[in-house]
Amino acid sequence: MFSELKSHHAGIAGRRIADSCDGARARAFSLSLGEMLFDYSKTGIDTAARDMLIGLLDAAGVAAKRDAMFAGRPINETEGRAVLHTALRNLDGGPVMVDGVDVIPGVRATLARMEDFADQVRSGTFAGQGGAITDVVNIGIGGSDLGPAMAVRALAPYHDGPRCHFVSNVDPADVAAVLRACDPATTLVIVASKTFTTIETMTNARTAKAWMGQAVTDPAAQFAALSTARDKTAAFGIDPERVFGFEDWVGGRYSMWGPIGLSLMIAIGPDAFRAFLRGAQAMDDHFRAAAWHENMPAMLALVGLWHNQVCGHATRAVLPYDNNLARLPAYLQQLEMESNGKGVSMDGADLPCDSGPVVWGEPGTNGQHAFYQLIHQGTRIVPCEFLIAARGHEDALHHQHQLLIANCLAQSEALMRGRSFDEARAIMAAKGLTGAELDRQARHRVFPGNRPSVTLAYPQLTPYVLGQIIALYEHRVFVEGAVLGINSYDQWGVELGKELATALQPVIEGARDAADKDGSTAQLVGYLRKNGA
């Protein structure tokens with residue numbers, strides 16, 4: 001599938017990106033959606049490579065697969081499910097049918113219930129047993145945590161509701177630290193678990209309920225649930241009016257557009273949350289309508305396929321020069337690696353190529369003083385994805401934002417241009433070095449350059465723009481998975497560890513011995529039991 005592209009890449013490997021990156025190339029290898037700009041001109045992709053990459057989309061039938069997803073067909077074939085997170089932000093589109101039933105009325109009814117509850121919490125109509133709600137604690141893990149935790153931080157300038165906190169790790173240090181900062185009499189706890197059985201989430205939920213029970217007479221009255229297991233939420237004591245469910249055609253890592261986003265809605269308000277949905281809906285409409293060469297999710301995906309499957313670069317760094325997006329790399333780790341970290345194609349055969357890359361990153365400029373050394377001068381090439389806003393939210397500190405922009409653009413330029421030995425030698429000669437020491441010191445200051453990056457620029461990080469960004473990356477995952485022929489919407493790889501952890505718990509607690517375990521695990525159990533008493 002990628003052989004022609006690999007041959008083409010081998011033929012142009014000696015070209016330097018900087019040699020052709022003039023204004024004409026920048027315009028030809030960029031595209032816009034509204035006021036958002038995606039620039040991929042600082043990559044090795046040329047016109048021929050782009051045409052061949054677009055050919056992959058046609059060969060894989062990506063347009064038909066895209067239409068099938070939006071139409072509610074069960075494209076998650078291993079679980080027999082539709083994939084309809086897009087329906088959660090379908091605010092004014094037409095019907096979407098699943099098994100002959102239009103799901104949109106139910107989606108909008110749930111959204112209306114969320115808005116009503118959020119308004120009650122924000123206004124004080126719904127209060128704790130000690131007064132108006134001051135803090136909201138969202139307890140979840142994976143998709144029930146990473147999305148809303150990322151979005152709440154990203155939209156901090158829009159917060160005008162209670163403070164929001166997030167607990168995910170079963171490590172008791174996580175829940176203890178969050179609860180220590182809250183007043184149980186004025187805290188709302190949201191338990192986010194579709195099945196209401198996720199072991200980490202339910203362990204933390206019971207801990208929070210016991211904590212609250214020390215201060216109030218009816219702790220369950222200050223709990224809400226994001227779950228479809230109404231029998232279990234009722235057994236926990238949560239009133240059905242505070243239970244918000246979502247269907248199995250919404251995967252966990254794609255779920256913050258609905259009830260999983262309740263904490264975000266409480267923080268920023270229903271109107272701003274709807275703006276968030278509308279931004280995503282705008283990206284959906286663009287993804288469905290734009291020609292491939294003008295289609296932002298498609299081109300972002302093709303850049304990813306070029307770097308990973310064609311060039312062989314196994315990782316991708318996500319570098320938001322926007323401190324409010326500090327949790328975006330962690331969110332994208334799950335979105336991309338849980339979706340496309342597969343080794344088997346749809347037909348059950350071994351995948352004939354590499355699957356998704358390792359995704360990682362940190363906000364700029366912090367990363368510059370941490371891992372950028374490896375990105376600039378290391379032996380492995382790491383394609384970089386920069387995100388930058390034209391303006392921040394701190395108007396009085398606009399000069400600092402300009403410095404932030406300068407750093408972002410300088411890093412992508414430096415990765416592309418590099419510094420030759422002759423340039424480094426001239427710099428060190430100007431400092432007075434001569435002879436062998438001059439050459440030795442110059443070598444340390446050489447930057448290979450020709451290292452690819454893309455930049456996503458936008459006017460300001462608003463709820464609408466955040467919706468666009470997240471939907472952009474969701475559709476990027478879909479396109480890459482469709483080209484690779486894998487199911488981006490299951491996650492069997494997380495199951496085995498869960499099963500083994502459940503079986504190991506009684507061994508750790510001393511209720512059963514470790515005789516059936518391998519030597520290493522048995523040794524570790526013995527050490528931890530001995531030293532954990």
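**Close-up views of aromatic rings**

**View 1. Trp 257 and Phe 276 form a stacked aromatic pair.** Both Trp 257 and Phe 276 are buried in this predicted model. The ring centres of Trp 257 and Phe 276 lie 4.6 Å apart, with an angle of 20° between the planes. The pair counts as stacked because planes under 30 degrees apart are given that description.

**View 2. Tyr 254 and Tyr 489 form a tilted aromatic pair.** The structure holds 14 aromatic pairs, and one of them joins Tyr 254 to Tyr 489, with 5.3 Å from centre to centre and 50° between the planes. This pair links distant parts of the chain, with its residues 235 apart. Tyr 254 is found in the loop between β11 (243-244) and α10 (262-268), while Tyr 489 is found in the loop between α18 (463-484) and α19 (495-508). Tyr 254 has a relative accessibility of 2% and therefore counts as buried. Tyr 489 also counts as buried, because its relative accessibility is 10% and the cut-off for buried is under 20%.

**View 3. Phe 29, Phe 38 and Tyr 40 make up a cluster of rings.** Ring pairs connect these three residues. Two arginine residues are shown with Phe 29. The charged end of Arg 25 sits over the ring of Phe 29, at 4.1 Å from the ring centre. The charged end of Arg 50 likewise sits over the ring of Phe 29, at 4.2 Å from the ring centre.

Methods
Residues are numbered from 1 along each chain as its sequence is written. This is a predicted model: local features need pLDDT of at least 70, side-chain atom pairs count only at pLDDT 80 or more; totals for chains, interfaces and linings use all residues. Side-chain values use heavy atoms; hydrogens and water are left out. Rings of Phe, Tyr and Trp (its six-membered ring) pair if their centres lie within 6.5 Å; planes under 30 degrees apart count as stacked, over 60 as edge-to-face and the rest as tilted. Helices (H or I, at least four residues) and strands (E, at least two) are DSSP runs, numbered from the N terminus. Buried means under 20% relative accessible area, exposed over 50%, partly exposed in between (1.4 Å probe, protein chains only). A charge sits over a ring if NZ of Lys or CZ of Arg is within 6 Å of the ring centre and within 35 degrees of the ring normal.
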